[in-house]
Amino acid sequence: MKFTVVDLGRDYPGRIGDFADARNSFIKNLPDGEYVLFVDSDEEAPKMLLDYIGRLKPQFPYYWVRRVELVNNKYVPVFNPNYNGKLCSNKIRFVGRVHEIITPREPHGVIDIPIIHNHSGPASYSGGAQSMLKLGLLKVREVVRGW
């Protein structure tokens, strides 16, 4: 598969006000059959993943890639497992300014070799047990919906 890696924080010109628009700016003019692997500045795409993608025969407009979630170098079970639409062709678009989603959602492929996301600094979910319960319920919703 022909693909490029895009780090939004590094590669997007200017300040990002709308994350969907920022991601769409990289995929809207892609030639057919080419993909973008989106990584955030606090994520790492291991060589094993990059090698796998390089050998992949494109079959879907985009691929969910497993993401291992760490907070300050620690594994947090409630945030895992997690999949994100990270490997994208020109056949999809992102919608939503923050926490954007992909349309159309189906069809998509799945890649289990993970991107590693390490959120460093204060956690945005600091409400103790109540926040953990809310995150747990959101995770259950994702699993039930098949996300």
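Me: Where in the chain is His 108 placed?

Reply: This is a predicted model, and in it His 108 sits in the loop that connects β8 (101-103) with β9 (109-119).

Me: Is His 108 buried or exposed?

Reply: The class follows from the relative accessible area, with buried meaning under 20%. His 108 has a value of 15%, and it therefore counts as buried.

Me: Which strands are joined to β6, and how do they run?

Reply: For strand pairing one reads the number of bridges together with the direction. Strand β2 (residues 34-39) is joined to strand β6 (residues 83-88) by two bridges, and the two run antiparallel; here Val 36 has Cys 88 as its bridge partner in β6. Strand β4 (residues 62-71) is joined to β6 by five bridges, again in antiparallel fashion, and Arg 66 has Tyr 83 as its partner in β6.

Me: What is the general idea behind a nonpolar core, and which residues of the largest one touch the most other members?

Reply: In soluble globular proteins, nonpolar side chains tend to be buried together. The largest nonpolar core here has 15 residues, of which Ile 27, Phe 38, Cys 88, Ile 92 and Phe 94 touch the most other members. At least two residues come from each of α2 (19-27), β2 and β4, and α2 gives the most, with three residues. A second, separate core has 13 residues, among them Tyr 35, Leu 37, Leu 49 and Ile 115.

Me: Which residues of α2 are buried, and what covers them?

Reply: In α2, the buried residues are Ala 20, Ala 22, Arg 23, Asn 24 and Ile 27, and their cover includes α1 (8-11), β2, β6 and β7. The N-terminal end of this helix is capped by Asp 18, which places a side-chain oxygen 3.0 Å from the backbone nitrogen of Ala 20.

Me: How many aromatic pairs are found, and how is such a pair described?

Reply: A pair of aromatic rings is described by the distance of the centres and the angle of the planes. A search of the whole structure finds six such pairs. In one of them, the rings of Phe 26 and Phe 38 have centres 6.4 Å apart and planes at 75°, so the pair is edge-to-face. It links distant parts of the chain, with Phe 26 in helix α2 and Phe 38 in strand β2, 12 residues apart. Phe 26 is partly exposed, with a relative accessible area of 21%, whereas Phe 38 is buried at 0%.

Me: Which parts of the chain does the pair of Phe 38 and Phe 94 tie together?

Reply: The rings of Phe 38 and Phe 94 also form an edge-to-face pair, at 5.8 Å centre to centre and with 90° between the planes. Because Phe 38 lies in strand β2 and Phe 94 in strand β7 (residues 93-95), the pair ties together parts that are 56 residues apart in sequence. Phe 94 is buried, with a relative accessible area of 6%, and its contacts beyond four places in sequence include Ala 20, Arg 23, Asn 24 and Ile 27 as well as Gly 85 and Cys 88. Ring pairs link Tyr 12, Phe 26, Phe 38 and Phe 94 into a cluster.

How values were computed
Residues numbered from 1 in each chain as written. Predicted model: local features only at pLDDT ≥ 70, side-chain atom pairs only at ≥ 80, totals over all residues. Heavy atoms only, no water. Helix = DSSP H or I, 4+ residues; strand = E, 2+ residues; numbered from the N terminus. Buried < 20%, exposed > 50% of the residue type's maximum accessible area, 1.4 Å probe, protein only. Pairing = 2+ DSSP bridges. Core = buried A, V, L, I, M, F, W, Y, C linked by side-chain atoms within 4.5 Å. Contact = heavy atoms within 4.5 Å. Phe/Tyr/Trp six-rings, centres within 6.5 Å; stacked < 30°, edge-to-face > 60°. Polar contact = N/O pair within 3.5 Å; in protein donor to acceptor, adjacent residues only side chain to side chain.
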